[in-house]
Amino acid sequence: MAIQPANVAKTNGNHSQSVTPDTTVQGSGESETLQIKSINVLESNRVFSTVELTYECFFPTGQNGGGEHSAEPALRVALVLKLNHQNGAFQQTITVHNPGPAMHPGGFWDMGGAGSVLLEQFDLIFVLDQRDSCQLSLSAATNDHSLSLDRGSDVLLYQESSGGSNWQSRVHTNRKNEVPLRTCGHKLLVNGIEQTGEENTGARAEPIVYCSHAEQGFGLFYRHFWQAFPSSVSVKGNVITAGLLPGEFPDQHEIQGGEKLCKEIWASCGHSIETLRGLREPLTAVIAPSHWQKIPHLLYFDSERADHPVQQLIQESLNGTNNFFAKRETYDEYGWRNFGELFADHESWIRDEGYFVSHYNNQYDAIYGFGLQYLLTGDRRWFELMDQLAHHVVHIDLYNTKEDREDHNGGPFWHTDHYMDAYTASHRAHSAKQNENDGKPVGGCFSPEHCYTNGLTLHYFLTGNRASRDAVLNLSNWVLAMENGGGSFIGALQRVAGRELVCIKQLVNKGETYGYYHYFNRGTGNMIINMVNSYEVTGDNQWLKRAELIIRESIHYDDDIEKRTLLKAERRWSYVVLLFAITRYLGIKELEGSMDEEYWYAREAFVSYSRWMLENEVPYLENAEDLVHVNHTWTAQDSRKCYLMFQAAFYDPANEDAYREKARQIMAYVVEKLGDSDELSYTRIQVVLLQSFCRSKMVSGRADEIRHATHDFDLGSPPEPTIAQQIFKITGKLGAALMRFSPAREYRWLKTHRKLG
């Protein structure tokens with residue numbers, strides 16, 4: 001087996017440098033541009049053995065392939081081989097990663113920047129000792145027609161586009177703001193001649209290729225061949241080539257700074273092609289919902305859901321005319337950069353000129369909603385949506401670099417900017433062309449308010465996918481880097497100016513300030529959830545302690561809640577996300593039997609705010625005059641309050657009936673309004689409903705004990721900051737930053753913020 005990156009080109013400013021290596025990298029060898037870095041055994045047991053091979057690709061810095069190699073690799077390649085000892089099949093996951101930073105002047109993230117790598121071709125090559133006959137099965141959708149070839153024949157199957165009715169959608173816009181696709185679906189060539197017979201043509205290929213010699217054979221199945229186009233597979237002589245980025249494509253392949261291409265190919269040594277056919281429709285395990293009820297720290301739902309009033313609303317996601325799979329076809333969310341993504345159709349309601357390209361990414365944690373529904377129903381379609389979106393988010397929607405600003409590295413990109421076309425920003429939110437065409441004055445980048453890890457955590461638990469686990473930890477580290485300014489003195493100064501100095505200014509001008517370090521919004525809630533999830537996937541208690549610190553720096557049971565102005569929905573609605581985060585934390589502590597002071601601090605605060613909600617919360621649209629965009633996304637958001645009311649009924653049993661009645665009233669309102677709404681099928685509304693309708697039903701042998709427990713901890717009072725106290729904090733933070741002062745770190749801060757920001 002060999003990897004051959006041929007005709008590689010890298011853009012540097014306005015110049016393009018190209019090199020065509022004349023050697024192929026074998027398993028332990030190296031070439032001029034691609035060299036092996038490490039071989040690691042990831043797991044080894046009686047069922048599977050998994051090995052990871054990592055490579056680094058260096059491009060010459062001189063013109064025309066001459067000169068010294070660059071200091072940093074232009075690409076990192078990981079090849080993970082997972083061997084099944086029972087049947088001899090092995091899964092190969094190939095990840096091609098551009099580890100460098102993207103250039104984003106002004107906060108705009110358009111393709112074609114100097115941080116991108118442009119490739120002509122990238123192949124995975126299998127060299128056989130001998131080959132007699134060859135079979136190519138195009139697709140189960142074409143009655144699994146198999147093309148038989150003799151020893152002297154060559155074959156090429158090339159998929160350029162999805163083959164759908166909207167295959168030239170502007171979703172596929174390249175760095176030139178053009179759609180380069182020229183061929184609908186795939187082409188099949190035998191000995192260089194395109195096959196046009198009905199049995200050999202079709203739009204969407206799911207190829208299996210099998211070559212035999214005597215009584216032995218070797219076969220490949222290329223997973224998501226058409227969905228993650230462009231793709232190719234060919235047999236020429238004794239060589240089978242899987243084109244990850246085929247040279248036949250009519251444009252160069254761009255991998256942006258911090259972006260990853262990831263594809264999967266299965267191989268098998270067997271006596272026939274039949275051993276690979278089952279991989280087209282792999283089995284998915286389904287476990288009874290009653291089992292998941294026993295894991296209250298992870299999932300909160302009631303398995304008795306058949307008559308749930310919101311269930312018919314949720315069915316729009318799978319069975320409605322505008323369901324998630326139908327939207328893929330409408331907007332052609334296919335191709336390796338897009339497959340798994342959700343189209344943000346809710347963003348187009350404000351436009352009159354028809355649809356424009358708007359990507360949803362993982363807003364409000366769609367991965368989590370899909371995963372919950374899969375566990376509740378066992379419907380494989382939910383699993384597919386979860387798995388494919390998680391794959392997309394990990395490789396495309398996260399900024400997978402360590403070479404940019406500390407508050408950027410590893411962060412999650414937003415969805416496409418609201419009510420704007422993505423243009424050449426693709427999945428990276430802000431395009432300079434938005435400014436040119438829509439009058440949008442500024443760009444942007446990352447925020448904890450768009451950082452979701454519940455779904456990635458659930459995906460890891462259900463699939464064992466290491467990439468999802470790593471993403472959870474990387475996002476938590478990114479959050480912490482944002483919090484501490486990246487460790488530099490200048491960064492610490494910036495954080496102090498945004499927090500403590502603002503507090504002092506408020507004390508001078510108004511005589512008071514609220515005093516909490518963290519904002520009372522979804523950003524803080526997501527930070528708490530990030531820490532809890534990192535604890536979940538590692539068992540490292542430091543993450544739970546960080547969650548507890550954030551809770552203490554955000555809320556207290558004796559707060560003057562009216563001063564929070566929580567009924568001003570446009571600015572304050574997302575406090576419900578913070579309260580949800582606290583319930584996640586409480587579930588963890590209860591599972592472990594750790595009802596300590598920190599537990600009670602969080603629980604008492606949650607109950608206090610729940611009682612305020614019981615008395616004061618009303619549907620958002622009843623105060624529509626305070627909202628900028630009046631639509632039924634607000635109605636869907638009301639369903640979050642139902643979840644919190646059911647949680648409060650558990651933690652505050654004295655008011656249980658009142659909480660349940662409040663939840664019933666809100667849910668009845670949501671069902672009535674959305675049931676008659678043309679907006680019901682919108683992506684954002686459905687994603688919120690998928691995870692917010694679940695009733696809390698804590699199933700545990702200690703449930704009653706937990707519910708009626710009391711404590712005698714002194715939980716203190718809400719913060720009452722003074723000017724002297726804030727000056728003391730400033731001194732401590734800047735002193736700590738000086739202790740770790742490094743000229744190199746400060747230089748890096750200045751360099752990355754000035755050039756890249």
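User: Which residues does D345 touch, leaving out those up to four places away in sequence?

Analyst: N322, K327, Y331, S681, Y682 and T683, where a contact means heavy atoms within 4.5 Å. Before we go on: this is a predicted model, with local features needing pLDDT of at least 70 and side-chain atom pairs pLDDT 80 or more, while totals for chains, interfaces and linings use all residues. Residues are numbered from 1 along each chain as its sequence is written, and side-chain values use heavy atoms, with hydrogens and water left out.

User: What makes D345 count as buried?

Analyst: Buried means under 20% relative accessible area, exposed means over 50%, and partly exposed is in between (1.4 Å probe, protein chains only). D345 has 3%, so buried it is. D345 sits in the loop between helix 5 (324–331) and helix 6 (366–377); helices (H or I, at least four residues) and strands (E, at least two) are DSSP runs numbered from the N terminus.

User: What does the side chain of D345 reach, and at what distance?

Analyst: The backbone nitrogen of T683, at 2.9 Å. A polar contact is a pair of N or O atoms within 3.5 Å; within protein, one must be able to donate a hydrogen and the other to accept it, and residues adjacent in sequence count only if both atoms are side-chain atoms. T683 is also on the list of residues that D345 touches.

User: Where is S116, and why is S116 called buried?

Analyst: S116 lies in the loop between strand 7 (90–97) and strand 8 (117–119). Its relative accessible area is 5%, so S116 falls in the buried class. The side chains of S116 and E254 are joined by a polar contact of 2.5 Å.

User: How do you know that R380 and E384 form a salt bridge?

Analyst: The term asks for a side-chain nitrogen of Lys or Arg within 4 Å of a carboxyl oxygen of Asp or Glu. For R380 and E384 the closest N and O atoms are 3.1 Å apart. Both residues lie in helix 7 (residues 380–397), 4 residues apart, about one turn of the helix. As background, side chains of opposite charge can pair when their charged atoms come close.

User: What makes R380 and E384 partly exposed?

Analyst: R380 has 26% relative accessibility, so R380 counts as partly exposed. At 22%, E384 counts as partly exposed too.

User: Why does I666 count as buried?

Analyst: I666 has 8% relative accessibility, so I666 counts as buried. I666 is in helix 19 (residues 656–675) and touches D638, K641 and C642, leaving out residues up to four places away in sequence. I666 and P619 are 47 residues apart in sequence, yet 7.2 Å apart from C-alpha to C-alpha.

User: What makes something a nonpolar core, and which residues of the largest one touch the most other members?

Analyst: A nonpolar core is a set of buried Ala, Val, Leu, Ile, Met, Phe, Trp, Tyr and Cys residues joined through side-chain atoms within 4.5 Å. The largest has 113 residues, and F370, L579 and L689 touch the most other members. Beyond four places away in sequence, F370 touches F324, L342, W382, L385, M386, L389 and L690. Apart from that core lies another of 45 residues, among them V77, L136, L261 and I396.

User: And the surface: why is V508 called exposed?

Analyst: V508 has 56% relative accessibility, so V508 counts as exposed. V508 lies in helix 12 (residues 500–510). Together with I723 and I727, V508 makes a nonpolar surface patch of about 260 Å². Patches take residues with over 30% relative accessible area and no salt bridge, joining like charges within 9 Å and nonpolar side chains (Val, Leu, Ile, Met, Phe, Trp, Tyr) within 5 Å.

User: How much of the chain counts as buried?

Analyst: 58% of its 757 residues.

Definitions and conventions. Accessible areas come from the Shrake-Rupley method with a 1.4 Å probe; for residues, only the protein chains shown count as cover.
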